[in-house]
Structures are given as C-alpha cells and as structure tokens.
Amino acid sequence: MEKDKIIIALDVNTIKETQRLLDILSPHVRIFKVGMELFYSCGAKAIELIRKHDREIFLDLKFHDIPNTVRNAARVAAKMGVFMFNVHASGGTSMMKAALEGAEEESARLGVDRTRILGVTVLTSVDATQGQVLTLAASAKKAGLDGVVASPKEAAVIRKEIGKDFLIVTPGIRPEGSEKQDQKRTATPQEAMQAGADYIVIGRPVTKAKDPLKVLEGIW
Ligand code: C5P
C-alpha cells in the first residue's frame with residue numbers, strides 16, 4: 001500500500017508522547033490526525049510540533065454548531081494551515097456551506113490553497129444503515145465539501161453513488177489480528193483501500209503498540 005495513504009491518529013495528551021510518536025513515525029507518515037484529546041490538552045503546541053517535523057495535519061474536531069460559529073472556526077482552521085479538517089454532515093447544509101465559506105475567505109486572504117473539508121457521516125463506533133450514511137454523504141457533496149469520513153464498510157457504496165471526485169477517509173481500521181476496541185464497523189487496511197478509500201486513519205493499533213513501526217511495516 002502507498003505509505004502516503006496512511007493517516008496516524010495522535011490520540012495522546014502530552015507533548016512528550018506526541019514527540020515520541022513523531023520521532024518514530026514522521027520519517028514514514030505524511031499526515032497526522034490531531035483530534036479532541038490532543039488538541040484540548042496541547043492545542044497550538046502540538047500543531048507547531050507536527051509542523052516542525054514538516055508533516056501535514058488533519059484537524060479532527062468534528063465541528064457541529066450554528067453556521068456562524070462554524071464559519072469562524074473554519075477560518076481559524078484555515079489560518080492554522082491544516083491540510084484537512086472536518087464537520088459533522090448531520091449539522092446540515094447551511095452549516096457545511098458556512099464552513100466552506102469561512103475556509104475559502106481565510107485561504108484567499110492568505111493567498112494559499114483552501115484546506116480540504118470533510119463531512120463526518122456516521123461514527124464508526126455506532127451502528128448505521130447504509131441509507132443514513134449515503135444521505136449524509138450526498139448532502140456533504142451537495143454543500144460543496146471535498147469528501148467524507150466514513151466507515152470502510154460504506155466506502156464502496158459511497159464511491160459508487162457519489163463518484164470519483166470525492167475524498168473518502170476511513171477510520172475504524174484494524175490490521176489482521178488486532179483488537180477492535182470501541183470500533184464496530186471495522187476493516188483491514190487492504191479491505192478499506194479496495195473499497196475505494198483515499199486515506200485510512202489508524203490510531204491505537206499503531207500508537208499503543210510496543211513497536212509502532214513494526215505494525216506500520218506490516219500494513220505497507
Ligand atoms: O484508535 P483508532 O484506530 O480507533 O482511532 C480512530 C480515530 O479516528 C480516532 O481518533 C477517532 O476519533 C477517529 N474517528 C473515528 N470515526 C469517525 C471519525 C473519526 O474513529 N467516524
């Protein structure tokens with residue numbers, strides 16, 4: 001598998017632990033995901049540290065608020081120069097459009113390419129019908145977002161229904177033999193890619209491993 005397709009979720013809460021994982025993984029991983037745990041504990045410091053390693057950031061804060069608040073949060077994300085961030089597709093079309101507008105305005109002001117915005121369909125820890133996921137993916141597309149976060153189980157049907165020009169990012173990845181933890185709709189890295197994912201997100205199976213690089217090597 002192409003190394004650049006793997007996004008590592010840095011779900012830790014100290015700079016020390018972030019540093020440790022970056023030291024091991026940054027020579028091999030292009031994009032790191034910063035979610036609520038790391039962002040709420042270390043915020044800008046963590047972002048800065050990833051930048052120092054010259055790596056890209058997927059800011060996974062899943063915005064879900066009134067359009068005006070999301071527009072302003074999207075401006076901040078764009079200003080941070082993250083490669084990608086996300087909003088809940090269930091927040092509605094006007095909220096998703098506001099995110100897009102906020103990011104567009106800020107990126108234009110800075111004279112940089114607009115950061116990519118993904119809609120979260122249904123969390124991979126929750127059971128969902130394919131219809132629910134497809135409806136949310138279609139509304140993200142209609143609002144103009146660049147793609148969705150969805151379970152690997154739904155990647156194929158989203159690709160088929162929504163078409164090629166739409167990013168599909170799949171968490172809930174479990175290499176053969178690893179534990180599911182709280183994830184319900186999981187797949188192996190290979191299954192997710194075959195189903196049409198552009199990127200796979202993997203956290204604990206790598207970050208909590210005794211030898212994270214060895215787990216990654218097993219996926220390549
Ligand atoms: O450790 P694990 O591989 O389960 O990590 C998956 C990561 O992807 C977590 O950071 C989680 O917040 C995130 N995520 C998810 N399901 C979604 C969206 C994001 O598991 N639908």
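These notes cover a helix pair, one further helix and a loop serine in a predicted model.

1. Basis. Local features need pLDDT of at least 70, side-chain atom pairs count only at pLDDT 80 or more, and totals for chains, interfaces and linings use all residues. Numbering starts from 1 along each chain as its sequence is written, and side-chain values use heavy atoms, without hydrogens and water.

2. Helices α4 and α5. Helix α4 (residues 93-110) packs on helix α5 (residues 130-143) at about 45°, with the axes 9 Å apart. Axes are lines fitted to C-alpha atoms, over the stretch in contact, and angles run from 0 to 180 degrees between N-to-C directions. Helices are DSSP runs of H or I, at least four residues; strands are E runs of at least two.

3. Their contact. T93, M96, K97 and L100 of α4 meet S139, A140 and A143 of α5 (contact: heavy atoms within 4.5 Å).

4. Helix α6. In α6 (residues 152-162), the buried residues include V157, I158 and I162 (buried: under 20% relative accessible area, 1.4 Å probe, protein chains only). The buried residues of α6 pack against α5, β6 (147-149), β7 (167-170) and α7 (189-194).

5. Ends of α6. S151 caps the N-terminal end, with a side-chain oxygen 2.9 Å from the backbone nitrogen of K153. Just after α6, G163 has a positive phi of about 100°.

6. S178. This residue sits in the loop between β7 and α7. Its side chain reaches the backbone oxygen of P175 at 2.8 Å. S178 and P205 are 27 residues apart in sequence, yet 6.6 Å apart in space, C-alpha to C-alpha.

How values were computed
Buried means under 20% relative accessible area, exposed over 50%, partly exposed in between (1.4 Å probe, protein chains only). A polar contact is a pair of N or O atoms within 3.5 Å; within protein, one must be able to donate a hydrogen and the other to accept it, and residues adjacent in sequence count only if both atoms are side-chain atoms.
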